[in-house]
Amino acid sequence: MEPVKPWVWLRVFQHLHRASLLPRRSHSGCAEHVTAPVSSHSRHIRPTLLVSRLYQPSNLRDVGQDTRLQGEMTCKSQRLMQQAGLIHPSNPGCYYYLPTAVRSMEKLVRVIDQEMQGIGGQKLDMPSLCSAVLWKTSERWDLMGKELFRLKDRHGVDYCLGPTHEEAVTTLVAHQVNLSYRQLPLLLYQITRKFRDEPKPKFGLLRGREFYMKDMYSFDVSEEAAYQTYESVCQAYTRLFTRLGLHCVQVQADTGNIGGKLSHEFQLPADIGEDRLLKCENCSFSANVETIASDRNDCPQCETGRLVESKGIEVGHTFYLGKKYSHVFSATFSSAQNKPSIAEMGCYGLGVTRILAAAIEVMSTEEGIRWPGLLAPYQVCILSPKKGSKVDEATVIAEDLVHTLGETLPQLRGEVVLDDRTQMTIGKRLKDASILGYPYVIVVGQSTLEEIPRFEVICQQTGETVFLNKDGLLDLLGKVETV
Ligand code: ATP
Ligand code: MG
């Protein structure tokens, strides 16, 4: 047997010193914590996130065979999200969002918050249970038809589950009697569940009946000011998608039953997209096919270019509403002349759960999820050696690395997991890591036992594998951006 090198002993000692950090079983045999607890002596050391303890039930059954999804169309993102234990179907168009998906969603929400608050948006939260009275006032109670989930309370009073909140927010603002022109533009937004009884829920989170949407509503003093607000929201959307690395296109859109005069959709080009888009070969014109006469194939903007068709997933939608809702609900402000005036409105949606699934759809391979870097549930996965293998002694190095990364690189705190399923081969665990798509997978193997230890790093976003010493590794991971 090869003699153990002195520095390995040092690491073993360090390991024993913090052994109390590793998971223990209680006498009942149940796991005590999802993460290993922090001892009172070493409060500065954060607990280790262990893959064996993450609640990530993977559904490796063929998604097409799943009886809960019978009749529903499936797609790559849905299959991968179920395989990786991100979502689990409950009933048509409704899903459990499992812990790993929630981490990713929370990151997306933070990026959205930054962008919306960056243009003056203020976050609120409105009831999902919406009174029919408001919807009858706007005449949408009948217009929405079967898409609206309707219910009665114990007194026989009608309600619906909010599919969008123009009525609710306009009523709220109308209740403020002393709203001054000085307080405008007012941009209110929420990120909440929306309910729509879609005729055909499909493609997992891409078209659900219960889903998360960011909906913002703007109130302005004049049409001109409302157009400026509209423009600044479109710019914020463009920034958001750029930060996520998604190449979305802004196209002219139909105003649908939301109503209003001006509208754009943010479309992510994808073959499974349900929207048909037309783009001019010659100029910047692009529009949803719904907005253009069906017999037209020359560009309405430059009149010379040919229109080329492609498909997209609608991830965002902006509307200039004018006074449509503010007039009906009397949302007024007092003008500079101290006269009551009706506010000019806009509304702006982002499909939060749809963005998550659409990003996975366009970025992933058939075998594994590839994330927009900012949205990866965890940035780094460290694979410790297989139990009983000839590099078993490197296990302490893997555990040590988890702590070093957390201590040295503050942005990676809570972002590093240790795949401690050491009964499994490295190959099997690499396959799982590839399905989940951690941007960086570090294999602690033979090369970490050399005089100058080197770590095998698989950069899943680029597909590259590099061998780095500790400084090189810290350099590389120091550049990772988290939110
Ligand atoms: P679609 O045409 O895809 O049915 P929509 O035009 O009815 O969508 P909007 O009212 O514009 O949707 O809602 C704002 C955003 O909410 C959409 O741009 C989309 O990203 C998201 N969204 C709408 N419906 C769903 C759904 N059923 N599941 C997931 N996200 C959705
Ligand atoms: Mg829309």
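The legends below describe close-up views of a predicted model.

In this predicted model, local features need pLDDT of at least 70 and side-chain atom pairs count only at pLDDT 80 or more, whereas totals for chains, interfaces and linings use all residues. Residues are numbered from 1 along each chain as its sequence is written, and chains are lettered from A and ligands numbered from 1 in the order in which they are written.

**View 1. The protein chain as a whole.**
The protein chain holds twelve helices and 22 strands, where helices (H or I, at least four residues) and strands (E, at least two) are DSSP runs numbered from the N terminus. Of its 483 residues, 39% count as buried; a residue is buried if 20 or more other C-beta atoms, placed from the backbone, lie within 10 Å of its own, exposed if 12 or fewer do, and partly exposed in between. Among contacts between residues at least 6 apart in sequence, 67% join residues at least 24 apart, a contact being two C-beta atoms, placed from the backbone, within 7 Å.

**View 2**
Strand 1 is joined to strand 19 in the parallel sense over two bridges, and Leu-50 has Leu-418 as its bridge partner in strand 19. Strand 18 (residues 380-383) is also parallel to strand 19, over four bridges, with Val-380 standing opposite Val-416.

**View 3. Strand 19 and the residue Gly-406.**
In a regular strand the side chains alternate between the two faces of the sheet. Strand 19 (residues 416-419) is covered on both faces, with Val-416 and Leu-418 buried on one side and Val-417 and Asp-419 buried on the other. Gly-406, found in helix 10 (residues 395-408), is buried, with 21 other C-beta atoms within 10 Å. The C-alpha atoms of Gly-406 and Val-416 are separated by 7.5 Å, and the two residues are ten apart along the chain.

**View 4. The nonpolar cores.**
A nonpolar core is a set of buried Ala, Val, Leu, Ile, Met, Phe, Trp, Tyr and Cys residues joined through C-beta atoms within 7 Å. The largest has 102 residues, and those with the most contacts inside it are Leu-356, Val-380, Ile-382, Ile-442 and Val-444. Helix 9 (residues 352-363) gives the most to this core, with eight residues. The core draws at least three residues from each of domain 1 (6-22 + 46-53 + 378-477) and domain 2 (104-197 + 207-363), bounds that come from an automatic or database domain assignment. Apart from this core lies another, of eight residues, among them Val-251, Leu-278, Cys-280 and Cys-299.

**View 5. The surroundings of ligand 1.**
Ligand 1 is surrounded by 16 residues, of which the closest are Phe-211, His-317, Gly-349, Gly-351 and Arg-354; a residue is near a molecule if its C-beta atom, placed from the backbone, lies within 6 Å of it. At least two residues of the shell come from each of strand 9 (210-220), strand 14 (307-322), strand 17 (344-351) and helix 9, and strand 14 gives the most, with four residues. By class, the shell has three nonpolar, eight polar and five charged residues, where Ala, Val, Leu, Ile, Met, Phe, Trp, Tyr, Cys and Pro count as nonpolar, Asp, Glu, Lys and Arg as charged, and the others, Gly among them, as polar.

**View 6. Strand 14 and its partners.**
Strand 14 pairs in the antiparallel sense with strand 11 (residues 262-269) over eight bridges, and Gln-267 stands opposite Glu-314. Strand 12 (residues 275-280) is likewise antiparallel to strand 14, joined by six bridges, with Asp-275 opposite Gly-312.

**View 7. Helix 6.**
Helix 6 (residues 166-174) is largely enclosed by the rest of the structure, because seven of its nine residues are buried. The buried residues of helix 6 pack against strand 5 (129-131), helix 4 (132-137), strand 8 (186-195), strand 9, helix 8 (324-329) and strand 17.

Key
Two strands pair if DSSP finds at least two bridges between them.
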